[in-house]
Amino acid sequence: SGINFDNYDDIPTEATGNDVPDEITEFTSPPLNELLLENIRLAHFTRPTPVQKYSIPIVAAGRDLMACAQTGSGKTGGFLFPILSECFDKGPAPTPKADDGPYSGPKVTYPTGLILAPTRELATQIYDEARKFCYRSWVKPCVVYGGANIETQIRNINQGCGLLVATPGRLIDMIERGSINLANIKYLVLDEADRMLDMGFEPQIRNIVENSDMPGCENRQTLMFSATFPEDIQQLAHDFLKDYIFCTIGRVGS
Ligand code: ADP
Ligand code: MG
């Protein structure tokens with residue numbers, strides 16, 4: 001599979017919702033940050049793919065998004081580019097007040113962006129892309145997943161972590177240990193949402209979303225990406241997304 005990069009403009013696309021922003025046709029500033037554009041050029045990405053044309057202005061406008069597009073259509077850039085762009089523009093968030101006083105417990109990390117993926121392989125792929133596009137920026141991406149030493153991963157995120165890529169089970173372990181707090185989350189991405197549900201991660205996903213819904217984290221933007229749009233995904237979109245834009249690229253199964 002994967003999209004044919006020569007036939008971009010023939011792919012049927014649809015975006016529905018209130019006040020849908022116009023799609024972009026090129027990688028430009030605005031809406032994208034100049035440093036990010038340099039990193040996009042270094043990666044030899046010359047034009048946005050269809051899902052990127054839609055998702056970049058939608059996310060840049062602060063909107064929630066449910067996007068359905070097949071594997072290989074460029075969904076990773078679709079969420080990474082607008083998120084990193086705004087992170088680069090804004091700089092690091094201050095550490096939450098609750099953490100200012102004398103405190104001798106374990107170090108707590110407050111990521112700004114959280115991307116959930118179903119497997120170690122997919123999480124690692126997203127992390128590798130994130131590292132490439134974060135080159136020379138303040139944003140340090142980290143990745144955590146099960147089946148690897150948790151202490152090593154905690155030491156790594158304790159060095160600072162603006163953008164965290166995680167599988168659901170390992171992230172919950174770290175939240176329960178007090179190593180990660182989601183109170184600063186500004187962007188929450190559920191990538192391959194249909195696969196996460198197929199793998200039985202729905203309770204973990206709901207737990208994580210509740211953790212990033214606690215008082216103080218009201219300004220979260222939520223993005224869901226999926227290859228298919230079955231009923232259980234429609235229900236999650238209904239439960240997690242606010243005034244969202246629904247975008248389909250190509251033919252999407254249910
Ligand atoms: P998906 O998540 O939809 O399966 P990916 O984000 O993994 O797709 O992208 C598939 C491939 O296309 C990757 O190798 C990626 O580097 C490449 N790619 C993504 N966007 C672009 C672009 N705008 N120009 C060129 N290559 C791209
Ligand atoms: Mg993907």
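UniProt positions are given here in the numbering used for this structure, with feature names shortened, and such annotations may be inferred rather than shown by experiment. In an unreviewed entry, UniProt lists residues 25-53 as "short sequence motif: Q motif". The model is predicted, so that local features need pLDDT of at least 70 and side-chain atom pairs count only at pLDDT 80 or more, whereas totals for chains, interfaces and linings use all residues. Residues are numbered from 1 along each chain as its sequence is written.

The end C-alpha atoms of residues 25-53 lie 6 Å apart, and the span is 45% helix and 0% strand; helices (H or I, at least four residues) and strands (E, at least two) are DSSP runs, numbered from the N terminus.

Helix H1 (residues 34-42) packs with helix H3 (residues 75-90) at an angle of about 140°, the axes being 8 Å apart. Axes are lines fitted to C-alpha atoms, for helices over the stretch in contact, and angles run from 0 to 180 degrees between N-to-C directions. H1 and H3 are therefore oblique to each other, given that angles under 35 degrees count as roughly parallel, over 145 as roughly antiparallel, 65 to 115 as roughly perpendicular and the rest as oblique. Leu-35, Leu-36 and Ile-40 of H1 meet Phe-81, Leu-84, Ser-85 and Phe-88 of H3 in this contact (heavy atoms within 4.5 Å).

Eight strands form an open sheet of mixed pairing, in the order S1-S8-S2-S7-S6-S3-S5-S4; two strands pair if DSSP finds at least two bridges between them. Strand S1 (13-16) and strand S4 (141-144) are the edge strands, each pairing on one side only. Strand S2 (residues 65-68) and strand S7 (residues 221-226) run parallel and are joined by four bridges, with Leu-223 in S7 as the bridge partner of Leu-65.

Note on methods. Chains lettered and ligands numbered in written order. Heavy atoms only, no water.
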